[in-house]
Amino acid sequence: MKRMRLSFLFCALLSFLLTASARERGVNGTHTPNCGSWELVYSPSPNGNGSLIATAHVPGTVELWSVGNYNADFHWLTLIEHWDGTSWQVVPSPNHGSANHYLYGVVAVAPDDVWAVGRYEPDSGGSPTLILHWDGTTWSIVSSPSPATYNGMYALAAVSATDVWAVGYYYAGHQRTLVEHWDGASWNIVPSPNVGSSDNLLAAISVVPNTQVSLWAVGYYYRESDGNPSTLVESWNGTTWTVVPSPDGSTRENYLTGVSSTGPTDAWAVGFYNTPNGLYLPLTEHWDGTSWQIVPSPGLSSSLTALTAVSSISSTDVWAVGTYYGTGAQLTLAQHWDGNSWQVFSTPNPAGYSDNAINEFTSVANV
């Protein structure tokens, strides 16, 4: 799984209003939230092949946005869906002519101010960055820098309407970290560090609340010594991005794919790592204001348990989602931090539990 890129198949929504019983099978020792349980909410799938990858809550409302792509006329096109409190509906979104499109991240500043990011692949070659904006009426493509032939944006975070950040990579002999900033008028590249001269990539970004201007970005880089990936954490202090030391779960592969924070002394980063015997286990790391430390989280499979995203509600109320292999199928995974330990909760698997069935959570948001 070297230079692994996660497959994106299902989008998870965390809601405290869910009341139906969960339908998970095959997970021992699962828990039920005091406020309800996880319930399957159906969403449209254009051409029967839609993929939702990221979700974001609109502040002060019950609305959500989710983004991904679907295949039509032999090209992958942008897919954007909106939750109005009752149902998910597809909202028209633009595309470049004759190209494949991939949306990986979304953030909502207000009901009339939403951003989505990704990349597109013209038939002529290359992979420029792709950034879309919702103004309350329509989605439109907004010009964004592409420093190399191959680029990609994976995640977004917003401080305000004039202070929005996107992270990803560009390829210049090796993958390098890419950070772009919206100042209210245009998107511009902000210099970001890399570890070593091999591949680096940023997969997630989060605002740190209760600070003037502070952010976390996480991902991974490939060690020059053995070619395996290590965790990568970077911090923005209002002036510069710097690498912050972060531990690895193993001497082999280590990936961070999600980050969330409730304040300067409380942040979580999640992903997965590979043990020397080939087992993939969830990786959960916590920032206490001084250092990043690994906090044990349960592995549910003899092959792979991986976390892809995390949402912090408070220091004692954090959700992380992902996937694991069990009963011959790939199954959804949701686990909760209560301030003392990570516990796994029952979650539905709409594709079922038969061999080769694929169920996966790739994003989580709190309403």
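Reader: Is Thr332 buried or exposed?
Author: This is a predicted model, in which local features need pLDDT of at least 70, side-chain atom pairs count only at pLDDT 80 or more, and totals for chains, interfaces and linings use all residues. Residues are numbered from 1 along each chain as its sequence is written, and side-chain values use heavy atoms, without hydrogens and water. Buried means under 20% relative accessible area, exposed over 50%, partly exposed in between (1.4 Å probe, protein chains only). Thr332 has a relative accessible area of 2%, so Thr332 is buried.

Reader: Which side chain joins that of Thr332 in a polar contact?
Author: A polar contact is a pair of N or O atoms within 3.5 Å; within protein, one must be able to donate a hydrogen and the other to accept it, and residues adjacent in sequence count only if both atoms are side-chain atoms. At 2.7 Å, the partner of Thr332 is Thr347.

Reader: Which strands stand at the edges of the open sheet of 4 strands?
Author: Strands are DSSP runs (E, at least two residues), numbered from the N terminus, and two pair if DSSP finds at least two bridges between them. The order is E9-E10-E11-E12, with antiparallel pairing. Each edge strand has a single partner, so one side is left without a neighbour in the sheet: these are E9 (150-160) and E12 (187-189).

Reader: What is the bridge partner of Ala155 in E10?
Author: E9 and E10 (residues 163-172) pair in the antiparallel sense over 9 bridges. In E10, Ala155 has as its bridge partner Val167.
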